[in-house]
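Visitor: I'd like a close look at one part of this protein. Could you pick a spot and walk me through what surrounds it, and then show me how some of the helices pack?

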Amino acid sequence: MPSSTKTAAKTKTKAKAEGKVEAEAKGDISPDPMVIMVKSVTGEEIALPELWKHRKVVMVFLRHLGCRFCLQQTAHLVEHGIASKLKSVDPDMALIVISMGTVSQAAQWVQITKFDGEVYVDDTTDGNMATGAVQDGSKAYQIMKLKRGPNMVMNDTTASIGGITALAYPDLDGEKWVERDRDGNVTVYPGDVFQVGGAFVFGPGNQCDYAFRSEYAGHYPDLADVMHAATGRKSDGSEYVYDSTKTWFNRLNANSLAEPSTRPRSASSMPEVVTKAFAKSGTPGKDKDDLHTQDQGQDQGQGQGQDQGQATQESRGKGG
């Protein structure tokens with residue numbers, strides 16, 4: 001490629017990137033997840049999607065560090081041993097929390113809460129109460145479509161549970177956590193006081209098996225549901241069927257009898273939930289909800305002769 005062409009291509013790419021950044025600043029397009037950075041408790045920067053690129057993770061977005069609801073939700077994760085339970089299923093699986101505040105606050109927060117998973121913070125948000133209502137908030141939370149606004153905190157539900165929660169999990173106070181005015185009112189919090197969180201099961205790669213978004217401060221997911229989605233098993237040890245699988249199953253119209261086919265099909269190539277349904281015992285045509293495939297009719301035809309195979313197809317036709 002001639003040098004003039006290369007220079008033109010680079011200029012065009014740079015202009016496109018600058019235009020994208022400018023558009024993001026104006027709120028015209030969604031932020032790119034690959035350029036959204038978070039920091040570990042040691043200050044290491046990492047792009048958000050890298051956290052689940054090669055492994056499955058339970059990712060919990062907390063409210064800002066030091067918040068009573070952040071402390072309460074973290075205590076639930078620790079008390080239920082979520083991090084160790086995930087590791088017992090798959091050593092590569094991880095419990096990750098994302099919050100807002102500084103790296104030093106995150107390190108201190110880990111010591112206070114005894115949290116045993118991975119911790120990352122978005123330190124770009126401003127907890128200034130005077131300007132908080134008009135700020136854009138965290139891009140990491142934005143990309144996950146997590147809710148934000150004064151009404152997330154100033155509502156009847158949060159007000160009714162906030163006082164009780166504060167008795168057991170008082171907000172972290174002191175100069176390392178908040179700034180106050182002369183009257184003792186908090187003027188600056190760690191991170192964004194108007195942001196609420198959520199929980200997801202991501203990975204490995206471009207896969208999401210669970211999504212929960214808080215409707216108000218103090219609204220948390222059911223940890224049993226999170227664990228079912230992360231491990232693929234229910235509390236009783238039975239297999240958990242993902243909502244995406246149910247949707248796929250319904251789109252196939254798999255609850256009705258399939259049309260006869262002459263092409264052999266291997267059951268091992270189907271998802272387990274479909275294979276089990278297709279292997280359900282019963283007589284074709286006995287119940288419209290009874291699940292049978294053309295393979296069953298073909299097997300009968302091969303084992304009992306062409307006449308028997310035709311009789312099987314006739315009985316399907318009568319069964320509707």
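Guide: Let's start with a word we'll need: a residue counts as buried when its relative accessible area is under 20%, and as exposed when that area is over 50%. Keep in mind, too, that this is a predicted model.

Now find G101. It sits in the loop that links strand 4 (94–100) to helix 4 (103–113). Is G101 buried or exposed? Its relative accessible area is 6%, and buried means under 20%, so G101 is buried. And what does G101 touch, if we skip residues up to four places away in sequence? The list is L65, V121, D122, D123, P190 and G191. While you're here, look across to G127: it is 26 residues from G101 in sequence, and the two C-alpha atoms are 8.5 Å apart in space.

Next, over to helix 3. Its buried residues are I82, A83 and L86. These cover an arc of only 100° around the axis, so they lie on the same side of helix 3. What do they pack against? Strand 3 (57–61), helix 2, strand 4 and helix 7.

Let's follow the helix 7 partner. The axes of helix 3 (residues 82–89) and helix 7 (residues 223–231) come within 11 Å and cross at roughly 20°. Angles under 35 degrees count as roughly parallel, so that's the label for this pair. The crossing is right-handed. On the helix 3 side, the residues that meet helix 7 are I82, K85, L86 and V89, and their partners in helix 7 are L223, M227, A230 and T231. Sorted by class, that contact has 6 nonpolar residues, 1 polar and 1 charged.

Helix 2 was on that packing list too, and it has a crossing of its own to show you. The axes of helix 2 (residues 68–79) and helix 6 (residues 156–168) come within 10 Å, crossing at roughly 70°. That angle makes helix 2 and helix 6 roughly perpendicular. Here the crossing is left-handed. From helix 2, R68, F69 and Q72 take part, meeting T158, I161, G162, G163, T165 and A166 in helix 6. This contact divides into 3 nonpolar, 5 polar and 1 charged residues.

How values were computed: Residues are numbered from 1 along each chain as its sequence is written. This is a predicted model: local features need pLDDT of at least 70, side-chain atom pairs count only at pLDDT 80 or more; totals for chains, interfaces and linings use all residues. Side-chain values use heavy atoms; hydrogens and water are left out. Helices (H or I, at least four residues) and strands (E, at least two) are DSSP runs, numbered from the N terminus. Buried means under 20% relative accessible area, exposed over 50%, partly exposed in between (1.4 Å probe, protein chains only). Contact means heavy atoms within 4.5 Å. Axes are lines fitted to C-alpha atoms, for helices over the stretch in contact, and angles run from 0 to 180 degrees between N-to-C directions. Angles under 35 degrees count as roughly parallel, over 145 as roughly antiparallel, 65 to 115 as roughly perpendicular and the rest as oblique. A crossing is left-handed if the near helix is turned anticlockwise from the far one by less than a right angle, and right-handed if clockwise. Ala, Val, Leu, Ile, Met, Phe, Trp, Tyr, Cys and Pro count as nonpolar, Asp, Glu, Lys and Arg as charged, and the others, Gly among them, as polar. The arc is that of the directions from the helix axis to the C-beta atoms.
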